[in-house]
Amino acid sequence: MGEPNGKHHGHIGEKLRHPFHELKEKLHHTHLSDAKVHLIHQKHKIGKFANLFNPQHRHDEEHEKACDEKRSKIAEAHRFQSFFPEREGNMVKWYVDGRDYFWAVSVALERAKETIYIADWWLSPELFLRRPPYYNQEWRLDQILKRRAEAGVKIYVMVYREVQAALTCNSEHTKHSLQALCPEGSPGFGNIKIMRHPDHNVLENAADMTFYWAHHEKFIVIDYEMAFVGGLDLCFGRWDAHQHALSDVHPEGVANEVWPGQDFNNNRVMDFKNVQDWKQNELSKADYGRMPWHDVAMGIIGPSVYDIAEHFVLRWNFVKRDKYKRNDRFEWLELRGRQGEDEDLVGVQRPRHPVGGYVVHPLSPIETKNLNNRGTLKVQVVRSSADWSSGILTDHSIQNAYAGIIRNAKHYVYIENQFFITATGDQQNPIHNTIGRAIVDAVVQASKEGRKFRVMILIPAVPGFAGDLREDGAIGTRAIMDYQYKSICRGEHSIFGQIRKQGVDPTKHIFFFNLRSYDRLNKTKAIQKQEEESGVKYQELQRAEAEEIMGEGIHGNVDAQGGRDKHMGKLREQTGAVDGPLKRNIDEAHRPDAEERGIDTKRRFEAARNKENENESPFSVAHFAMAGQGSVSKVPWDGDEEDEVNHWIQEELYIHAKLLIADDRIVVCGSSNLNDRSQIGHHDSELSVVIEDTRTLQSSMDGQPFEAGWHASTLRRYLWREHLGLLPPQDLDATGDPNAQPPGEDSPNETLDNDESWKLVEDPLSDDLWERWTSQATKNTLIFRQLFHADPDDHVKTFDDYNGFLPAKGVKAGHIFNRMIPPNEVRAKLDQIKGHLVWMPLDFLKDAEMAEKGLQVNLWTESVYT
């Protein structure tokens, strides 16, 4: 029976309008069609050069304008103009320092069932999440990810693609190492996908290349059930415990090392070198201490996990569009709850000829994730994100949060951050973030109202890792420090200058501190004798140890896609995902030799060890600055007393946390530094969380009863006790420590509230506590000055002062300044150091030009340093 007339005539009309339609259908999925699609893709590649003349090319089409408007309306309805709402019912756990955080992450990753998202500035596949590494090789990051991928977990990783001339984080090695974990034919093949961004390919992305700005976020999402956000990248140099040891020399056996290979690093002595060949760390543990690392992060269960995952999906889809649009190894991620008309909010695109599929996340329904009503905390995700980093209009809700919270604080603001560069208005070009103005307003308002109000800020003594600040190579770090001092106290537009202008004394309200640690290099007589008898230097021994426990990546990798670390070695030296005859040839001709050399080195050194006369000198004495450890002056030393003086060392404790606590009620934590790079929105990309607890804690504020938020108050008390040395040191094994477990009902934070120090730090405005805080900072500062001439220092106001302050040539950085000082006097002074708190020297180089203009610091580069 024929079709109805109307339909029949319509069918004929359609054929007349599209005479080649049937031919087109027949050619679909043929070689001719594939060739056409290929030509279209090539045309689009070339077409991207037109974007050089259209910086708004992601926002000029009607559908793009509509999406931008939709995002803007969502953000306008939320506090701080964040795209994300305040969500109640979260459980949030704080982590202080890397030992607790990395242990918790190791547990959480091992439990992953469906998906793992990781976004990092730097990711070191060979990072050990538990210590000591020799006895915890299964807990190396790449091995955990390999196990989960083989179990069917889908793993998505995004890392910053660095400018190699400026940074040494080597994301290419990260990519090849992770892609080599599950070669073709293995259970996990295809389950680990890693993107690097921004793109530096001129031919493909000339208009959108970004050299100055970085993806700086550090967060993890597991199964859409749990997230981690904070300042800690999964990379070398971040693992540390509360005692912040500097020494890692082990007469009892190198297998007890805590920081193998380039994980033992002191950026002020030598920045990370040849990170791709991380056993080649030229910093000898027998001669130098490491740079200790202080950081803070959060673990989250609850509805805000979805928001953090949504940000990851947006970024993934943007990078897919920006760099991997024609790469079938990377799929578009659809997000449940953002499908259909809302899929544009997470960057999903539907090109006519898509390459790579579409996968819906989470893999199981969101209702199965048990995200609602998990705890007592209200959490809001805030970010710095923009066109280059995620394809959206500029979002600087982190800056909005910082400024708003500071301006509304009534009692105190406490900040820990890696940098402090900010403006009080529009007179401090090139600085544009106005968090400094919020500090001015809060202090002046408190003074007018007669309220006791303090702003306490902890930042590194030397940001940016320069060694000798007098050297030309340190001009970048000096520029950062110069901007910091001009933000704080130098010039009429500084925070101090603006407060004084309104008749208020800023030194009564605003206080800056650094952190510093000491230790003793345990290069004893026994080790020196072993070196002599074996012919093996301890540095060779530490390299051999790294070879044994990190051997898979030393020579680079050939990954599952055929890519390899060409900059690391020759193909015959690299295994990775290589299989078949080539792998057998490599194994036979190369690997056994390298392994045998390492084994022989360790064997010779061990043979020279006198086990009958074991020394009692501990590998580190840093723990004596913490609570309940007795006197460091009574610790044995295996050697001459005079020689011990040469082995005492100090170093700044690098503050890398990005934390704000106000009034014991609200916390901001994440990846964002306090500078334009992190706060302005269209520079570095960042992710942070604003946290408020509905669970209260009966406390006191300035001597009056006060209802504090449990989360903010307990975190602040814990941090202050660590800095004052009122917490005990930590063991390497965190098995039974609640603070080193993932968030959950069965593992809340252990606040150590049964200790008398808990009461001491209860009231943040207490006169007794302030006296304890400032007097300990003063004592610590004085002793570090007297014994080590630790720099920077207030006594150094010019570069001539600097030349007289630093030790003579031949004295290694960080050692005792006067080698003639009696050993007992050194010990007696070190006995007085408690915790790590010292004053920040606000007069350092105040009479010198810290960062003279030139090739490194000029109008073109200033924004890089701010």
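Contact here means heavy atoms within 4.5 Å. Helices (H or I, at least four residues) and strands (E, at least two) are DSSP runs, numbered from the N terminus. This is a predicted model, in which local features need pLDDT of at least 70 and side-chain atom pairs count only at pLDDT 80 or more, while totals for chains, interfaces and linings use all residues. Residues are numbered from 1 along each chain as its sequence is written, and side-chain values use heavy atoms, with hydrogens and water left out.

The protein chain has 26 helices and 23 strands. Of its 866 residues, 61% count as buried, that is, under 20% relative accessible area (1.4 Å probe, protein chains only).

Two helix pairs are set side by side below, with axes fitted to C-alpha atoms over the stretch in contact and angles running from 0 to 180 degrees between N-to-C directions.

| Helix pair | Angle | Axis distance |
|---|---|---|
| Helix 5 (residues 98–110) and helix 6 (residues 141–150) | about 15° | 9 Å |
| Helix 21 (residues 710–724) and helix 23 (residues 767–788) | about 40° | 10 Å |

Helix 21 is therefore oblique to helix 23, whereas helix 5 and helix 6 are roughly parallel. Angles under 35 degrees count as roughly parallel, over 145 as roughly antiparallel, 65 to 115 as roughly perpendicular and the rest as oblique.

Which residues bring helix 5 and helix 6 together? S106, L109 and E110 in helix 5 meet L141, I144, R147 and R148 in helix 6. In the other pair, W720, H723 and L724 of helix 21 touch L769, R772, W773 and Q776 of helix 23.

Key
Buried < 20%, exposed > 50% of the residue type's maximum accessible area, 1.4 Å probe, protein only.
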